[in-house]
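Trainee: I have a structure to go through. Can we take the labels one at a time and check what stands behind each?

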Amino acid sequence: MPWAAALLGLLSFLLVHGSLTDDGYITLAYAKNLAVHGEWALVPGSIANSATSPLDVLLLGLLTFATRITGAAHPVVALGLLTVLSSGVLGWAWLRLIRRFRLAPWVALLGVLLVVANPFLLSATGLEVLLVPAVLLWLVVFAVEGRPVLFGVAAALTVLTRLDLIVFVLVITFATAAIRRRFWRASGTAVLVSAPWFLFSWFGLGSFIPDTLMIKQDQDGLFGAWGYFSGPMMYFLYQPVTVIFTFAAALAGVVFLAAWLGIRFARRWEGFPALAPVVGLGAGGVLYYVVYSTLGVGPYHWYYVTPVVSIATFAVLMAGIWLAEANERPELRRGAPLAALGLGAVVAFGGVGVDLAQGVPWRSPVIFGNWANSADYARVGQELGARLQGKAVAGPGEIGTLAFYCDCQILDVFSDRSQVAPIVQRRISEASAVGAFALRANYHWFDRPQQKRKPEYRLLYGKGPASGPDSWTVTSAAKGVGHFTLVPEG
């Protein structure tokens, strides 16, 4: 199972590796600077805290450092290695669950395929979207097996993957009697494993949490009237087939969850195995969606990967367990779980169809909104770095791929913390007394009054082909033909 999952991960990476999004390159730029310069930074020499997933950057940085045996760093190769490893780890977790619940192996393969072939997930390759389902499923494994110390380690890795995944940690912890009874052992382990990073982040980077949450909340109005809660409908309006094959299994999982809770409270399912951690995975996905709907962030497509894959995985697990019980208990009918798993198979292979219809390999992700494709951004970044000769430039609004290939001082709210300072100050002034206290505590070691850096140039984006010097024509599947122009600042 781990080898089969790793193979699926490799095939998915080969499909998408030439079409990574700008936000994916933000993570790769962090990993590159960590491996090459030993800095937690998006651009060399400028410490930042906009990497959403510390664990993802640390693993990519380590693998990028390992690729330097040839003399040059290769973060994209490192991403391929991490994709294969994450997929294999996901498959390993499924193998443990197969043994615990006596599942048919094809059920686990279906669960892996629903994750690895998800069009929204593949469209966000480069971010931590595959690491998330891997760590979440190991949370379930150690909860099912009643191992509080290992659960604590998995919980620490989960919050280091994304701090907002604390939702799943709490739900699965308090849903599982074996972990709940040994809460202090599990939580103590989690604190010991994760504390070094969070202390470094607080003292060294000036914040426990990445600046990304503040930045995204400050982008109010970027998607017009659409918010996180209504975002799936926004995507459905222009890509209905993709949305159907992305969200269908999760919607079925929500129905499954409601039905299970109803039956459980009616005390009609007492003979089944202890399913609390599995149910916690599905309930965590629903709660995660609710929490994000209240945070005031935009409907970025990678934000939907966590609830979608967690609830879909829950649905496959529940149907697989139901089928395993029905195979051993003649009074239980096999039709319903087989129908549920059949729906999952239709969704999984429908997702594969959406992926392959985008072309082999991808020239652009299925879900895409950047101003330029990755190849054009790479060309502009390399030529921009040679043109600037060490001078700073204000970014156009998308910075990841440019920063990765430019190796220059391209200033943006994601790379320049002096631009984060006024956002923090404004959030503190607008918050309630409790919220302001929490923000001040979080940013206690952050230099909030710092002066904004002044670039010598500004890079501007415009529609249509380029004309004149210091201008580059680019194309995008989302925006069509456009251009970037380098102009003196001020």
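Mentor: Start with a pair of side chains. In this predicted model, Arg-458 and Glu-489 meet in a salt bridge, at 2.9 Å from N to O. Arg-458 lies in strand 5, and Glu-489 in the segment after strand 7, 31 residues apart.

Trainee: Why is the pair Arg-458 and Glu-489 called a salt bridge?

Mentor: The cut-off is 4 Å between a side-chain nitrogen of Lys or Arg and a carboxyl oxygen of Asp or Glu. The value here is 2.9 Å, so the pair Arg-458 and Glu-489 counts as a salt bridge.

Trainee: What makes Arg-458 partly exposed?

Mentor: Its relative accessibility is 31%.

Trainee: Why are helix 7 and helix 8 called roughly antiparallel?

Mentor: Their angle is about 160 degrees. Over 145 counts as roughly antiparallel, so the label holds for helix 7 and helix 8. Their axes are 9 Å apart, and the crossing is left-handed.

Trainee: Which kinds of residue make the contact of helix 7 with helix 8?

Mentor: They divide into 13 nonpolar, two polar and no charged.

Notes: Residues numbered from 1 in each chain as written. Predicted model: local features only at pLDDT ≥ 70, side-chain atom pairs only at ≥ 80, totals over all residues. Heavy atoms only, no water. Axes fitted to C-alpha atoms, helices over the stretch in contact; angles between N-to-C directions. Helix = DSSP H or I, 4+ residues; strand = E, 2+ residues; numbered from the N terminus. Parallel < 35°, antiparallel > 145°, perpendicular 65-115°, else oblique. Left-handed = near helix turned anticlockwise from the far one by under 90°. Nonpolar A, V, L, I, M, F, W, Y, C, P; charged D, E, K, R; others polar. Buried < 20%, exposed > 50% of the residue type's maximum accessible area, 1.4 Å probe, protein only.
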